[in-house]
Amino acid sequence: MAPEKVLLNTEDGGGEEPSRRRTAAPQAGLQEVLSSVSHDIRTPLAGLLALIQMMEAGTDGPLTQAQRERLARMQAAAAKLAAVADQVSELALLQKGKLPMAPVRVELADLALLAFQQVEQAARDRAVELRLEVPSELPSLSADGARVRQILTLLMTAVMKRSDGVVLTLGAEPHGSRVRITLRESARSIPVEALPSGFGSQPTGPFVRLDGGRLGDSLGVSIARGLIELHGGDLEVAPAPDDGLLASFDLPAELSSPAPHPERTKELRPAN
């Protein structure tokens, strides 16, 4: 099956002025909606966080252990909502073409390890095994390091939301003047007793597909896609063996002579 190429925006190929105006108007409206949504989320969220802090400080009297645990869950939920507001704001900046970029020489393996650290706990919670396979001859990237790490983190998070109990392998290879990066999801056999508590009870077993075999089009995926396009690439998604998924994209390589570095491999297995 041919890869599914996913683009952030599509433009009319005819180049006619009325068509461009019809395209620009909805995009401008979407930008305003995104900015408004981000603001509308942040305003009540700020008040909620202030109330949580007051309760934690014992303004209305001492708290029981059960109340502290409930507040901790409320704070975690508020933090997730704040992250959504941040993503909406970033997507609005992407649509406006105002997201700052600072390309420099960076090493993919170093950025991948940082991204692994960010998703490590989520991987353990979902019994996902992370693998990094970067060859020693891979050239450096000419890219915004923080944005590349963000791309990797967002895509890994999206895959982990759709499947549990899988192997997620991040690989790369030279591709002309660019570096081809792949994120491959594949099934693995896990004893049910090795899965986290309350997990693996669904009839499909430990390898659980949540969305019918697609990466989805969440805020995170949309942002990752836009960041890839800012680096001159496209996000492609195709089926992989074992009912898995293969996401791939390319980033510009640093064309000067690459500094020698050892082959980088890493495995992060879920705790038994």
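Let me start with a sorting rule: Ala, Val, Leu, Ile, Met, Phe, Trp, Tyr, Cys and Pro count as nonpolar, Asp, Glu, Lys and Arg as charged, and the others, Gly among them, as polar.

How confident is the prediction? The protein averages a pLDDT of 76, and 69% of the residues score at least 70. Strand β4, residues 141–143, has the highest confidence, at a mean of 96. Strand β8, residues 208–209, has the lowest, at 39. Residues 1–16 do, with 27 contacts in the model beyond near neighbours in sequence. Residues 189–213 do too, with 42 such contacts. Where pLDDT is low, the predicted coordinates should not be read in detail.

Now the pockets. The largest holds about 460 Å³ of space. Apply the sorting rule, and the lining divides into six nonpolar, six polar and four charged residues.

The second largest pocket holds about 180 Å³. Twelve residues line this one, with Thr169, Thr182, Arg184, Leu246 and Ser248 nearest the centre. Here strands contribute: β6, β7, β9 and β10 each give two or more residues. By class, that lining has four nonpolar, five polar and three charged residues.

On to charge pairs. Side chains of opposite charge can pair when their charged atoms come close. How many salt bridges does the structure hold? Six.

Take Arg147 and Glu90 to begin with. Their side chains meet at 2.9 Å, N to O. Arg147 sits in helix α4 and Glu90 in helix α2, 57 residues apart. Arg147 is buried, at 13% relative accessible area. Glu90 counts as buried too, because its 19% is under the 20% cut-off.

Next, Glu129 and Arg131. Their closest N and O atoms are 2.8 Å apart. Glu129 is buried at 2%, whereas Arg131 is partly exposed at 25%.

Then Arg178 and Asp250, with closest N and O atoms 2.2 Å apart. Arg178 lies in strand β7 and Asp250 in strand β10, so this pair ties together parts that are 72 residues apart in sequence. Arg178 is buried at 18%, and Asp250 is buried at 12%. Shared partners extend the picture: salt bridges join Arg178, Arg180, Glu236 and Asp250 into one network.

Methods: Residues numbered from 1 in each chain as written. Predicted model: local features only at pLDDT ≥ 70, side-chain atom pairs only at ≥ 80, totals over all residues. Heavy atoms only, no water. 1 Å grid on protein atoms, 1.4 Å probe; cavity = no way out; pocket = protein on both sides within 12 Å on 5 of 7 lines; lining within 4 Å. Points joined across faces, edges and corners; volume = space filled by probe spheres on them. Helix = DSSP H or I, 4+ residues; strand = E, 2+ residues; numbered from the N terminus. pLDDT = per-residue confidence, 0-100. Contact = heavy atoms within 4.5 Å. Salt bridge = Lys/Arg side-chain N within 4 Å of Asp/Glu carboxyl O. Buried < 20%, exposed > 50% of the residue type's maximum accessible area, 1.4 Å probe, protein only.
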